[in-house]
Amino acid sequence: FLGELVSDAERLVGPGNIITIHARGMYAISLYGTDDDAAFDDLILAEKVLEETNRTARQVLGRGHPTAQQMLTDLSRVREKLARVRANP
């Protein structure tokens, strides 16, 4: 569902709109989850989405904006999960 929401937001309001940025962030969170059972491929995709979204958020909103800061926090979390998965295959 969130993947479709992101596509719709990008099409309707553009990739740099805060609605799209938030939708992409929610999509990434849904991929990496709040537990340690996320699939490796989902973690990789979440990292990619957050990297792209973080870049857009910084350009559009500025580095100090709370949304841009949250993207960095989420990116750090997904990278920590990836590191744990890679360390314990």
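Student: In this predicted model, are helix 2 and helix 4 roughly parallel or antiparallel to each other?
Tutor: The axes of helix 2 (residues 18-32) and helix 4 cross at roughly 20°. Angles under 35 degrees count as roughly parallel. Helix 2 and helix 4 are therefore roughly parallel.

Student: Within what distance do the axes of helix 2 and helix 4 come?
Tutor: Helix 2 passes helix 4 in a left-handed crossing. On the helix 2 side, the contact involves Ile-18, Ile-21, His-22, Gly-25, Ile-29 and Tyr-32. Helix 4 supplies Thr-67, Met-71, Asp-74, Arg-77, Val-78 and Lys-81. The two axes come within 11 Å.

Student: How many charged residues does the contact of helix 2 with helix 4 have?
Tutor: Sort the contact by class. Six residues are nonpolar and three are polar. The charged ones number three.

Student: Is Asp-74 buried or exposed?
Tutor: Asp-74 sits in helix 4 (residues 66-87). Its relative accessibility is 1%. Buried means under 20%, so Asp-74 counts as buried.

Student: With which side chain does the side chain of Asp-74 make a polar contact?
Tutor: Set aside neighbours within four places in sequence, and Asp-74 is in contact with Ile-29, Tyr-32 and Leu-50. Both Ile-29 and Tyr-32 take part in the contact of helix 2 with helix 4. The polar contact, side chain to side chain at 3.4 Å, is with Tyr-32.

Student: Which way does helix 2 run relative to helix 3, roughly parallel or roughly antiparallel?
Tutor: Helix 2 and helix 3 have axes 9 Å apart and pack at about 160°. Over 145 degrees counts as roughly antiparallel. The angle therefore makes helix 2, relative to helix 3, roughly antiparallel.

Student: How many nonpolar residues are in the contact of helix 2 with helix 3?
Tutor: The crossing is left-handed. Contributors from helix 2 include Ile-18, Ile-21 and Leu-31, and those from helix 3 include Leu-43, Val-49 and Leu-50. Two residues of the contact are polar and three are charged. The nonpolar count is 13.

Student: What is the handedness of the crossing of helix 3 and helix 4?
Tutor: Helix 3 and helix 4 pack at about 160°, with their axes 9 Å apart. That angle makes helix 3 roughly antiparallel to helix 4. The crossing is left-handed.

Student: Is Glu-47 buried or exposed?
Tutor: Glu-47 lies in helix 3 (residues 40-61). Beyond four places in sequence, Glu-47 touches Leu-75, Val-78, Arg-79 and Leu-82. Its relative accessibility is 16%. Under 20% is the cut-off, so Glu-47 counts as buried.

Student: And Phe-1, buried or exposed?
Tutor: Phe-1 belongs to the segment before helix 1 (2-13). Its relative accessible area is 77%. The threshold is over 50%, so Phe-1 is exposed.

Key:
Residues numbered from 1 in each chain as written. Predicted model: local features only at pLDDT ≥ 70, side-chain atom pairs only at ≥ 80, totals over all residues. Heavy atoms only, no water. Helix = DSSP H or I, 4+ residues; strand = E, 2+ residues; numbered from the N terminus. Buried < 20%, exposed > 50% of the residue type's maximum accessible area, 1.4 Å probe, protein only. Polar contact = N/O pair within 3.5 Å; in protein donor to acceptor, adjacent residues only side chain to side chain. Contact = heavy atoms within 4.5 Å. Axes fitted to C-alpha atoms, helices over the stretch in contact; angles between N-to-C directions. Parallel < 35°, antiparallel > 145°, perpendicular 65-115°, else oblique. Left-handed = near helix turned anticlockwise from the far one by under 90°. Nonpolar A, V, L, I, M, F, W, Y, C, P; charged D, E, K, R; others polar.
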